[in-house]
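Colleague: I have just opened this entry and would like to talk it through with you. Could we begin with the model itself?

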Amino acid sequence: MKAVICKEYGDYHNLAFEEMDDPTPGPGQVCIDVRAAGLNFPDLLLVQGLYQMKPPTPFVPGAECAGVISALGEGVSGFAVGDRVIAYTMNGAFAQKVVVAAQSLARLPEGMDFDVGAGITTTYATSYYALKQRANLQQSESLAVLGAAGGVGLAAVELGAAMGAKVIACASTQEKLDLTKAHGATSLINYEKDELKAALKEATGGKGADVIYDPVGGKYAEPALRAIGWNGRYLVIGFAAGDIPKIPLNLVLLKTASIVGVFWGAWAMRDPKAHAQNMAEIFDFYAQGKIKATVTKRYEMQDFMGGFDALAKREAKGKLVLVSS
Ligand SMILES: NC(=O)c1ccc[n+]([C@@H]2O[C@H](COP(=O)([O-])OP(=O)(O)OC[C@H]3O[C@@H](n4cnc5c(N)ncnc54)[C@H](OP(=O)(O)O)[C@@H]3O)[C@@H](O)[C@H]2O)c1
């Protein structure tokens, strides 16, 4: 089979698409013929050695995929060769085949394409965990999403709208804001043009936002927090801008607000039952047409570099997937 291989940490341009041995499933594992794999900002961080985890090199990146089971390891029950599945792999999904623990599989829901299934776990599970378990988002509350046209951002826009919140999308270009509007945002802020604190106050009628979802960090975090409402919840998702903000804590005191950390992957491992329940609810939203989970850009697996470039250059919009034909 062929796979994207990271031979050493550093410049992502050194990634190669090369032949390697087919993997064999061990006890409790299955082999999946990958049809599509979700590409996320953490993949870019990982291969550069900038992520919180560092697998030994060489390794195949790619945290999630959808495909068809092609072989079963010893002791696997409940799945059969030919089943269409979604897998959270941690690594290894940017390949024509990947071996994963059977317990990390979900069945691809009826009516869901492989590419949608490949990209739904990281973005939607992160944003749903953030909004549901961490922010306890309520109907009619205001939800401001920074980086709202990005992978996790657009998922937060859709889920926030599906949960009945008033979604304020914040992004750097009109094109990105237009995309968020098509996915449920009702107020739009271009934070490169307009002063973010003032714009958020205006969008919330002076009250401030009930919940702020921040996957960007950098220069936007402090002005956003200054526009949080009474009892507000500020969700720390990530730092796509590169800089980790240093926040004056008096801002939290003054609004009785909370700054809430979100590490979905670690939580899903600690509480797999609650994660499975969240995924079932996400699939229900999809079946009812309350979320679209649109794939905005597909790349053939061998053209993976285009996707990495888009993420690195701040050009990616919505969900990117690598497809294996
Ligand atoms: N906490 C968790 O469990 C968890 C899970 C998944 C991902 N994450 C994190 O969430 C963040 C976003 O991931 P993603 O996959 O949604 O990425 P993405 O699709 O690239 O979106 C990131 C957004 O950040 C904004 N941005 C601002 N400065 C940027 C820069 N210098 N380079 C790139 N983007 C920049 C962009 O929006 P504008 O141009 O509109 O500003 C972009 O749309 C990452 O830091 C990732 O590690 C966290």
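Predicted model: local features only at pLDDT ≥ 70, side-chain atom pairs only at ≥ 80, totals over all residues.

Colleague: Understood. Into which domains is the protein divided?

Modeller: There is domain 1, covering 2–108 + 294–323, and domain 2, covering 123–265. Their C-alpha centres lie 29 Å apart.

Colleague: And how many residues does each domain give to the contact?

Modeller: Domain 1 contributes 6 residues and domain 2 contributes 9 residues. On the side of domain 1 that touches domain 2, the classes are 2 nonpolar, 2 polar and 2 charged residues.

Colleague: Where does the ligand lie relative to the two domains?

Modeller: The ligand lies between domain 1 and domain 2, because both of them give residues to the shell around it.

Colleague: How many residues surround the ligand, and which are the closest?

Modeller: The ligand is surrounded by 30 residues, and the closest are Phe41, Gly147, Gly150, Gly151 and Gly238. Helix 1 (41–47), helix 2 (114–134), helix 3 (151–162) and helix 8 (264–270) are the elements that each supply two or more residues to this shell.

Colleague: You mentioned helix 2. At what angle does it pack with helix 9?

Modeller: The angle between helix 2 and helix 9 (residues 272–287) is about 105 degrees, and their axes are 10 Å apart. The two helices are therefore roughly perpendicular to each other.

Colleague: Which residues meet there?

Modeller: From helix 2 come Ile120, Tyr124, Ala125, Tyr128, Tyr129 and Lys132, and these meet His275, Asn278, Met279 and Ile282 of helix 9. By class, this contact of helix 2 with helix 9 has 7 nonpolar, 2 polar and 1 charged residues.

Colleague: Changing topic to the open sheet: what is its strand order?

Modeller: The order of this open sheet of 6 strands is 10-9-8-11-12-13, and the pairing is parallel. Strand 10 (187–190) and strand 13 (258–261) are at the edges with a single partner strand each, so one side of each has no neighbour in the sheet. On average, neighbouring strands of the sheet are turned by 20 degrees against each other, direction ignored.

Colleague: How many bridges join strand 12 to strand 13?

Modeller: There are 4 bridges between strand 12 (residues 228–236) and strand 13. One detail is that Leu235 has Val260 in strand 13 as its bridge partner.

Colleague: Finally, the backbone. Which residues does the cis peptide bond join?

Modeller: The cis peptide bond is between Thr57 and Pro58, with omega about -5 degrees. Pro58 is in the loop between helix 1 and strand 4 (64–72).

Colleague: And what is the phi of Asn136?

Modeller: Asn136 has a phi near 50 degrees, a positive value in a residue other than glycine. Asn136 is located in the loop between helix 2 and strand 8 (142–146).

Technical notes. Residues numbered from 1 in each chain as written. Near = placed C-beta within 6 Å. Domains from an automatic or database assignment. Axes fitted to C-alpha atoms, helices over the stretch in contact; angles between N-to-C directions. Parallel < 35°, antiparallel > 145°, perpendicular 65-115°, else oblique. Contact = placed C-beta atoms within 7 Å. Nonpolar A, V, L, I, M, F, W, Y, C, P; charged D, E, K, R; others polar. Pairing = 2+ DSSP bridges.
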